[in-house]
Each structure stands twice: as C-alpha cells, then as structure tokens.
Amino acid sequence: MTSPATAPAVVDAPTPRSDAPRATKPRSVRALPYLLVTPAVLALLVGLGYPLYWQVTNSFKEYGLAQQFGQAPEWVGLANYVELLTGSQFWAVLLKSVAFMAVTALVTMALGIGLALAMKAVNRWARLSLQVAMLLAWAMPIVAQMTVWNWLIDSRNGVLNYVLSLIPGVDMIGHNWLVNPWSFFAVASVIITWAAVPFVALSVYAGLTQVSGEVTEAAQLDGASGFQMLRRITLPIIRPILVILLLLQMIWDLRVYAQIELLQGFGAAGDKYDLLGTYIYGLGIGQGHFGVAAAAAMIVMVFTIGLSWFYVRELLKEDN
Amino acid sequence: MTRRHSLGRRIGSVAIFAVALLWAFPVYWMINSSFQSAPTISALEPTWLPFGGTWRNYSAVLDGSSGFGQAMRMSLMITALSLVVCIIFAFLGALAISRFKFRGRKSFVLAIIIVQMLPAEAMFIAQYKMIAGLNLLNTVIGISVIYIASVIPFTVWMLRGFVAGVPADLEEAAMVDGCTRFGAFMRVTFPLLAPGLVASGVYAFIQVWNEFALASVLLTSDASQTLPLWLRTFAEPSTLGMIEWGQVMAGSVLVAVPVIIFFLIVQNRMTSGLVGGAVKG
Amino acid sequence: MKKMTLGVTAFAAASAIVLAGCSSSGSEGEESAEPTSSATTGTETTGATAQDITLWLMGTDTPDPLIEFLKTEYTEVNGGALTVEQIGWGDAIASLTTALPDSENTPDVTEVGNTQSATFTTVGAFMDITDMYEELGGDSLLQGFVEAGAVGDKNYALPYYFGSRMAWYRKDLYEAGGVSVPTTLAEVTEVNASLKEQGVGGFYVPGQDWRDGISWIFANGGEIATYDGSEWAGALATPESIEGMEQWQELFETASVAQVTDDDSTAYEAINDGFLSGTPAATTMAPNWAYWSLGDIAENDEGEQVATWNDEKFGAFVLPGADGGVAPVFAGGSNIGISAATQNPEGSKDLMRIIFGDEYQTMLAENGLGPANLDYADTYTEVAAMGDIALQAAESAKLTPAAPGWAAIEEAKIMEQYFAAVAEGGDVTALATEYDAKLNELING
C-alpha cells in the first residue's frame, strides 16, 4: 500500500531548477488544471448538457406525443412529479427495483469476495481455470449473454430443462421460466450475477494480492486464526475496493435496463416485468409521455444519490 | 505445511475447478450449439460435444447478406473512436483532480459521480433531437459523442486512483536527473499508469460495445446497425418462424470474439490494473 | 509467449479491419445521413420535380420484388431515387416518434400499423391528403382502415394492405383423431380438446396472442372499447366480452399446446412438422400469407429450410362464429401516409400514386397481401392462396379502437397481459374489470 497521495502541486516551471520556489506559481501553471479538465468537461457538456437541460425543463412540462409533433409544451409545474408520486405504479416499480438491486448486488458481492478468497487459497491450475472462465463470462456482450441464456432456458429444447428432467420424478420439458414474475426476476438476477461476479472477484483478488505476505505470516506466527486474519487484516486493507465495488454494483443493478428489456423481448410482456429502466423507457418513447418520463428519471436520480450518499461521502472523504 | 492442510487445499482446488466449469458452461454451450445443425439442435436429446459438427452456421452469419460484416465495421469504428477519445480526455481530467488543488475541483468530482446515477432512458428523445440537429444521425461520430460523455465519468474516477498512486516525488527525482517535465512523465509516470489505462480501457470498451438502446434510436438506417442491434434482429424468429439457434449462437460467438481478442491483448496488465485505482484511493 | 504472438496478430488483423472500415464506410455514412439534402442536387440535374425520397416499411411483410418495383417505377415517374428502409416492428414506435416530426430525417412516406395510425394521425404526424383520396381509390378503399387513418372528414393515412386471420389445420391429424372441421366456436374447443386428449394434436393458442384471441370476444358480441361520442372506455367487462373470454379460457385450458408466454410471432408455423416436441399442433390461427410458411419442410439447394404447401396434409377454414357462420376476426395490416414534415411532398405524392396504382395493387394481391383497393379483391380471391377464405374473413373483420391512446396500449402490452392472465387461469370477471381500468388510463391519449 502506498501512502495516500495528498495531491501535491508538483508542477514547476518547465526548466529543471529543483530549487525553484513553489509558492509563486506563474499564471500558466495555475491555469494548467483547468486546461486538463477542459476536454472532459466539454465532452460531458456536449454529450449530456443539452439532453439533461431538456430533461430537467420538460419534467415540469406537459410534453406528450402532440408536443413532440409541434404543439407548444405547457408548463405544469410539479404536476408530473405529483402524478408519479401519488400513483401506486411508480412506487411498485421503485420498490421492485430496490429489492432486485439489493438481492443482486449482495449476492454478486458475496460470491465475488468468496471466490476471490478461494482463488488465493487454491492451487495454481484451479485458480487459472477459474480466471479464464470468469474472463470468458465477462467478455460476453450483453446481447450475446442474454441470447445464450435464453437458449439455455428455452422451454422446449433448453439444456436446463433437459438436465432438470433427468432427476427422477421431475418433468420440466416445456416449462417456461419467464412467465411467473418471480421466476422472471430470478432468471434476470442469475444472469446479471453471472456476468458481474467476474469483475468483483478479479478486482478483489487483485486487491488481495497486495496484502503483503509478511503481514499475514507475522499474524499467523502470533497465532491468529484464519477468520481473525480475514477480519482484522485482510478486510480492512481491501475495504476501499469493496466500498467502490459495492457502490458500482448498486448503481448498475438499480438502473439495469438492457438485460430486462431483452428478457422481456423473449416473451414476457407487460409492466409486471418492469424495473425502473424499462418503466421509464416505456413511459417515454413507448407511450409518448415524455414529460412524465423525465420526471421519473429525475426522481430516480435523486433517490439513487440518497441511497448511496453514505458511500459517496466516504469516497469524497478518502479523496481528500 | 501439514498433510491435512494440503489435502484441504486439494479439495478446495477441485471445488474451484468445478465452479470454473459451471461458470464457463454458458460460453461452452454457445460454442457447442454454434456447430450443431438445425435437426440436432432441435432434437429433444441435447448433443453435448461439437465433434462432427457443421460450419454452416458460421457461413450463414458471414454471408454478405446477413449484414454482419457491416455491423462489425460500424461497431469497431464506434468503439475505437469512443475508446481513444474517452481515455485521453479522462486521463487528463484524472491528472487534474489527483495532482492539483483548484477551485471547482470538488464540484467536478461530485458531478462525475452524480452523472452516473442518471437514468439514461428518458434522455433518448433529447439526444435524438440534438444529434439530428447536428445532422449526425446514422454516423459514427454522432453516437460516439454521446457514448464518450456517458463513459467518461467512471473512467475519470477510475484513473484518478492510479494517478494518485504514482508518487509525484518519482517524477521530480527524474527531473533532477536532467529529464524535462514531459520526459520525466513519459519515462516514469506513464509506465506505472499503464495498468490503470488498460483497466479503464476495458471498462469503456465493454460499455460501448454492449450498448444497444440508444443505438436503436440514433442508428435507424439498415447500413448503420451495430453488432448488438444486428444480433438482436438476427435472433428474432426467421420467416420460417423458428429461431435458428445454431446460427444465432454462431452470431453470438462472433460478436464476443473481438472482446475476447481485446482481453487477450491486455490481459497481463488488466488484473493488476483492475484494482490499483480503488486500493490506492 | 505464443499466446502473446497470437494476440498481436489478432490485434493487427483487427486494426486492419478498423482502418479498412474507416475509408469505405465514411462515404456510406454520408450517403445515408443526407437523403434529404441530396434531393436539392437532384432537382438541379434531372428536372423540376425529381426528388430523392425515403420510404419506411414496417417489418419484412412487403416482399423484395415489390420493393424493387417501387424503386424502378419511382425513378421512372419522378426521376429521383427511392430509398427503402425496413424498420422492425419492435422499433417502429420509437423510430416513428423520433423521426416523423424531424423534417431533416423524416421518412417521406411511411407505413404504420393500422392500430397505431390513429395515435399518429391525431397528433398531426401525417400530411392531409384528402385532395388525393378520390384519385387513390376513393370509396373502393377498405373503409375500416380509411377511418383508422382519418380525423373528422380529413384523410391522413390510407390502407396499405390487409390480411385476414383464419384457422389453419392439419388434415392428417384431424383424420387420425377422427374429428372434422368445426362449424361453431364451441366445436372448435371440442374438436381440439379431443385431439389433445388423444395425444394427436391440439390448438396452438399462444397465451399472449390477443390479436387472434380477440375473435372470441367479437364472436360473442363483445368489444375491446367503446366510444360514447366524447371519450373511449374499455368494454372488456361487458357480459358479452366476458362470455367470449371465458370461452377462450376454456379453449386454452383444454385444447392448447402453446404456452402462456407464447405470442403470435411463431403461430404461423405451429402446425409444421417438428415445430413442437411432444403433442403437435393440429390447428393454429394466422393471416392468409402464412400459406408461404406452411407445408412440408425440406432443405433447398442453398441449405435453407423451406416449407412447401401440401394440399393433402394442410388446410384452412374461416373461424366459425358462436352459432355458426363467421366469427369477426381482427383485421391485420397497415396504413401508409406522407409525413407532415416531408420536404418532398411532390415526390411523396408520386410514390403514393404508384402504390395505389393498378400494377402495385395487383402485385400485392398476387403476393397474398390483401390489396387496399377492393376493386382488386377479385384478383385476390383468384390468385392469392386461400384468397376466397381470406376475403370471406376480411368482410367481417374488425379493427382495434381508433382511439388516440391505442398505440400506447399496444406498447404497454396491456392486451397481451390481459390474455396471458386469463390463460393462466385467472377469474375472467375480476381481470376484465382490472384491465378495463388499465385501458381507460391510456386510451384517450
């Protein structure tokens, strides 16, 4: 572990005079950080500036298909927000999404950490085989992932139903896994977990390799048990990784869109299979209620910030 | 080490190997199915091994009329452009926030975190209007502009950790030895950052390569489909009504191949890079 | 080491592809990006009216030879070039919503599903073509579709083609099960339940397939929604609609070999050999052009699986009504109109004239797509496969409510959900009330 870099202002005058006084920086140097962030800021403004502005303003407007085709949108204040927050459907979808996110993110983290620890403890060939398998799963593009899984769980010719039917007394041939909403979301969760664990496991494993052997050996000599070592030494060291990984999983699983959309396309139609992503898409492009969709997106953003505020604050603190 | 310990290790190894097989199974099944002919694939009894299979599924995909080649070109161009621009811009931004204290730094950091929490689906209409207004629909540049903006925040965040992890003293030391600032940076800092650049590159690559929702809005013409759009259409039932699973799986394999190639190229640096940023935060 | 070399080679190959891609498709990108601006150059070079225009067709129902005909004919008449893009039905609403209002990128002429056309016409997405109505066929045009594309007495979108749904069956399986073609709706259930019980076959009733299932509601005198002069309201909970739905539920439970999540996308071929493992389908419902996908499956010279119609094994009948006669089926098909935002109104009108002209209408009929102009119905019944049955079905066909919110209802898949819930065995009366409420939320736009 390197000591936390305190972001010293290392920039000096171009000549290598190491004794140059640092207090009086020339104007050009003070401008440097701004020059450096300019491309990124510009890219953000160009790509997201107008859409975000459009979204914020239209969340306060009556903006439907008629407005899309030229009628002037009418300012309606908070009406879109009120409509969403007082109706039951938005809350139902939000709740479902949060539950889905919680389960999927936690299972992903648990499996990822577990497998990373296991990788540390097993022989090289076993570790390598797992790493290769994980890289393969991770490399699969989402559309390909979903297509393959759809084929695995195909009701008639899928290998999953075939294998399950080998169990005496079980006949799953023809069983469709996507009808029951619980089963639908379970399938979605399994697929997303399958694809997300590699990132977590490999990251945590890379983090574990940075826990120096000397420290663990010393602890072992002191008679620390495996569990104690994990809790006292290993976890604190990899804690920063775990925090950021958990935050990422939470954000990604909460705003999951592609997997649900594709899974719905395989035959599970309708809003009982919706999570926030598909719900907002359906409201907007699907049904032409762009104003309401924009309001829903704003609420989701605020909600996500609130949900992750603890982590964000922690990250910012570390950043200083 | 005691015997018991090593026995436990062996059992654990076998268990992990089993997990590896389980994890790789969907990928294996995709490859296996891609070599099966239509009758074997729709048989009730699955065929477990691809031996004696057929290449016909692949020739069907690669046949000029399937649109695969066109989509591959489009995807490669969009991904390459977005990746390069995103990494350069993000790297500069990361340099700024990890090496300098300046006014507005905190707001910039907050902004890049919050932008990631914005649901993308409600902005499609506005993004369409914007790109259409710039007359960039169905073009590589048009969609890349949006992709770059959506990938940059996380990439900056990731790289920030790496840059912070390279002690500035190293650079200074090199400068004392007579390097220019730029020379010192290139010789000392940059090599240390390579894993970070690779890791964030992998992230950006996957994000862009996978995206299809925005693509379906911005790329309407048949000639400008990307691979995910192509595969989605390709996996729909044919005019004969049946999904030709063999061909669809062959298509899936081919869509995944560039990612796997990319992973192979960067694999050595990737694993170490995955984490450096976060650990060193 | 070896792995790395492989990686490098692959990378070199990949970058070669990238580079090659850059040079060649840069020009293509430009081409497809400016169909409208090139129109101006066209005007200068080839005469006063030559305009390059774009036509959007939905799905792949229009056969390639017809598209080729349109392109050649358009260039001959107008001098400009016609670009045809096929938009998948799944992306149709998104594409139309984004592109139609945008004069730089709108298709000049576009097909739109007949059930979606009310939504777009009411917001002014299409150009008023009332002045062309007589010229394009007038009252000979299929009136149900004309109304779906009209607002008040103004015409915006006109019928493009129609298809009528009919029942397709397997003669050999009916014979094996000792049953004959049913003549009432109740018999449809009986016959297929008997086949299923014997393990010989069954009715392919996809749980989400409301477009076919709706006939059971219509046949019992029910409706999806009714208009009281100012507002639309769901009518699923009327006694007639409920009765129809219960009959459909019984059919699903006793005679169906399809699943709750199946939809009509594969219903076409359900009765082909090998489509289902286990009990095969002996009956299915599909538009008349399913003729081309039904029959004995064999590999053609190019190794593709194709179906060849076999009169010995396959047949079709009109879905019978509750007490015999003909059950009203849902009229499939689409409308076509000129985008209100087009910059090439003259070229677009030329294209409309070609589409509604003799030759094209005849070609539609010959390809089994019901011609919009009923003057060509004779050709249709003579030439088109199953044309007589199709026309018989078409005469009693019904459309979905021409309500402003109908496209939103389709997009939200309300009807699919209703039928799936009934197929799962839910209480029809309770579900009907629940789904009437869902319809009411969206149907008035």
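This is a chat about how to read a predicted complex, feature by feature.

Colleague: Before I click on anything, what are the ground rules for this model?

Modeller: It's a predicted model, where local features need pLDDT of at least 70 and side-chain atom pairs count only at pLDDT 80 or more, while totals for chains, interfaces and linings use all residues. Residues are numbered from 1 along each chain as its sequence is written, and chains are lettered from A and ligands numbered from 1 in the order in which they are written.

Colleague: How do I read the confidence, and what are the ipTM and pTM of the complex?

Modeller: pLDDT is the predictor's confidence in each residue, from 0 to 100. For the complex, the predictor gives an ipTM of 0.86 and a pTM of 0.81. Chain A has a mean pLDDT of 83, with 89% of its residues at 70 or more. Residues 1-23 of chain A are below 50, and that stretch has 31 contacts in the model beyond near neighbours in sequence. A contact here is a pair of residues whose C-beta atoms, placed from the backbone, lie within 7 Å.

Colleague: And where is confidence lowest in chain C?

Modeller: In helix α1 (residues 2-33) of chain C, with a mean of 36; helix α10 (residues 239-255) of chain C is the highest, at 95. Chain C averages 82, and 87% of the residues score at least 70. Over residues 1-47 of chain C the pLDDT stays under 50, and the model has 50 contacts beyond four places in sequence for them.

Colleague: How many helices and strands does chain C have?

Modeller: Helices (H or I, at least four residues) and strands (E, at least two) are DSSP runs, numbered from the N terminus. Chain C has 17 helices and 15 strands, and chain A has 14 helices and two strands.

Colleague: What share of chain C is buried?

Modeller: Count C-beta atoms, again placed from the backbone: a residue with 20 or more others within 10 Å of its own is buried, 12 or fewer makes it exposed, and in between it's partly exposed. In chain C, 56% of the 445 residues are buried; in chain A, 47% of the 320 residues are. As for sequence range, take the contacts in chain C with a separation of 6 or more: residues 24 or more positions apart account for 75% of them.

Colleague: How do β1 and β2 of chain C run, parallel or antiparallel?

Modeller: Strands pair if DSSP finds at least two bridges between them. Here six bridges join β1 (residues 53-58) and β2 (residues 82-87) of chain C, and the strands run parallel. Leu55(C) sits opposite Val84(C) in β2(C). The link from β1(C) to β2(C) goes through helix α3 (residues 64-78) of chain C, in a right-handed β-α-β crossover. Right-handed means that, with the strands pointing away from the viewer, the path from the first strand over the helix to the second runs clockwise.

Colleague: Over to chain B. What are its domains?

Modeller: Domain bounds come from an automatic or database domain assignment. For chain B it gives domain 1 (3-56) and domain 2 (65-279), with C-alpha centres 31 Å apart. Eight residues of domain 1 of chain B touch seven residues of domain 2 of chain B. On the domain 1 side, α1(B) gives the largest share, four residues.

Colleague: How many residues does each chain bring to the contact between B and A?

Modeller: Interface size is often given as the accessible area lost when the parts come together. In residue counts, chain B brings 87 and chain A 84. Helix α12 (residues 245-279) of chain B supplies the largest share of the B side, 15 residues. Pro46(B), in the loop between α2 and α3 (56-62) of chain B, touches Val159(A) and Tyr162(A), not counting residues up to four places away in sequence.

Technical notes: Two residues are in contact if their C-beta atoms, placed from the backbone, lie within 7 Å.
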